[in-house]
Amino acid sequence: MPVITTIDDLKRLHKRRAPKMFYDYAESGSWTEQTFRENTTDFDQIRLRQRVAVDMSDRTTQSQMIGQDVAMPVALAPVGLTGMQCADGEIKAAKAAEDFGVPFTLSTMSICSIEDVAANTKNPFWFQLYVMRDEEFVDNIIARAKNAGCSALVLTLDLQLLGQRHKDLKNGLTAPPKMTIPTMINLSTKWRWGIEMLQTKRRTFGNIVGHAKNVGDTSSLSSWTSEQFEPKLDWGMIAKLKEKWGGKLILKGILDVEDAQKAVAVGADAIIVSNHGGRQLDGALSAVRMLPSIVAAVGDQIEIHMDSGIRSGQDVLKALSLGAKGVYIGRAFIYGLGAMGQAGVTKALEVIHKELDLTMALCGRRDVKTLDRDVLLVPQSFEGNWQ
């Protein structure tokens, strides 16, 4: 096994071992990718206060997210097509998260189904829902998540329309891949990936095929998914979905104070400050830049989480110190999965945990729950003076 010390090490292995179309799917944003880039570079503007002669023994990163005990306040984000980065990818990622003691969130657009993941794990996981035009499908998938014992519903709000991602269009991204000549040439160089994919039956969207009307195979899947995202999703519909679910509800895709206030009013248990990893509205501000104002507005009324741009334990510490109670990693665990399967996801979590733990100590703190803005040096202009 190569020596892995950073998430970037896993990223390089992922690029080498996964087919180009699936690596590009993970490593891309919409339009010019400005927001995609700034999600990570804005973290670099925040510096840390070094403290010395402080007792650094008996440290703990243990915390809670929506009342659930976690080994560190980091969850695996919902990522579509995870099972195409590595065979049975959602199952492997869920098992790694379970063993490490952090939440796993299964995407509606997963390759492994809700039932697949439930059958291969012991603890409840979270389920992410895209609202579709087909209300019967939505009702059924909520019922399936309940039956599988999912302990939270993560409702994504920022994908009523699909942002244009140039790489996906140019690669002809599908699950399973379209067998064009460039695709076949690339797949021929990814023999390890190919052997594993031949050994699994899970190669399409497991939550949709066989569950949605008139979608019995991959030939009918493409047209269904392109037409089904619900553009009419509004706060009234969110309230109805909350009632149907009846359990813990997390709203994902909040990037504005007014929307955060509406999330409080609708009775959500938590919000995720997120711009969908820079894959939707290009030109939007980074999640970490918007986090402080949202925390100031509603942080005493609702639990605030964050995703988009987390690539290290130091990023985790910065987000927590700005007021988030938990963060989500998407690309960081996907790099590990594409590089080394379940072991790679575990390695990604280990890297982030070690960086969080050591950075916390060198900032003079022993308990992750005590992190606050006092450990940071934030530029006065960080949040900007936008008109």
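Before I start on helix pairs, a note on terms: axes are lines fitted to C-alpha atoms, for helices over the stretch in contact, and angles run from 0 to 180 degrees between N-to-C directions. Helices (H or I, at least four residues) and strands (E, at least two) are DSSP runs, numbered from the N terminus. I am working with a predicted model, where local features need pLDDT of at least 70, side-chain atom pairs count only at pLDDT 80 or more, and totals for chains, interfaces and linings use all residues. Residues are numbered from 1 along each chain as its sequence is written, and side-chain values use heavy atoms, with hydrogens and water left out.

**Entry 1: helices around α12**

I looked up α12 and helix α13 (residues 257–266), and found that their axes come within 10 Å and cross at roughly 40 degrees. W235, I238, A239 and K242 of α12 make the contact with D259, K262, A263 and V266 of α13; contact means heavy atoms within 4.5 Å. The crossing of α12 past α13 is right-handed. For handedness I use this rule: left-handed if the near helix is turned anticlockwise from the far one by less than a right angle, right-handed if clockwise.

Next I checked helix α7 (residues 135–147) against helix α12 (residues 235–245): they pack at about 40 degrees, axes 10 Å apart. That makes α7 and α12 oblique to each other, since angles under 35 degrees count as roughly parallel, over 145 as roughly antiparallel, 65 to 115 as roughly perpendicular and the rest as oblique. Here, too, I noted a right-handed crossing, α7 past α12. On the α7 side I listed E135, V138, D139, I142, A145 and K146, which meet L241, K244 and W245 in α12.

**Entry 2: helix α5**

Helix α5 (residues 89–100) has 12 residues. From first C-alpha to last it reaches 16 Å, close to the 16 Å expected at 1.5 Å a residue; the expected span is 1.5 Å times one less than the number of residues. Which residues of α5 are buried? I found G89, E90, I91, A93, A94, A96 and A97, where buried means under 20% relative accessible area, exposed over 50%, partly exposed in between (1.4 Å probe, protein chains only). Their cover includes β4 (74–76), α4 (82–85) and α16 (331–362). After α5 comes G101, with a positive phi near 95 degrees.

Most residues other than glycine have a negative phi. E33 is not a glycine, yet has a positive phi of about 70 degrees. I found E33 in the loop between α2 (20–26) and α3 (34–44). Why does E33 count as buried? Its relative accessibility is 15%. A polar atom of the E33 side chain lies 2.9 Å from the backbone nitrogen of G29. E33 also touches S28, K167 and D282, leaving out residues up to four places away in sequence.

L81 also has a positive phi, about 65 degrees, without being a glycine. L81 sits in the loop between β4 and α4, and is buried, with a relative accessible area of 5%.

**Entry 3: N275**

I placed N275 in the loop between β9 (270–273) and α14 (287–298). At 5% relative accessibility, N275 counts as buried. The N275 side chain makes a polar contact with the side chain of S308 (3.3 Å); such a contact is a pair of N or O atoms within 3.5 Å, and within protein one must be able to donate a hydrogen and the other to accept it, while residues adjacent in sequence count only if both atoms are side-chain atoms. I also noted N275 and D307, 32 residues apart in sequence and 8.0 Å apart in space, C-alpha to C-alpha.
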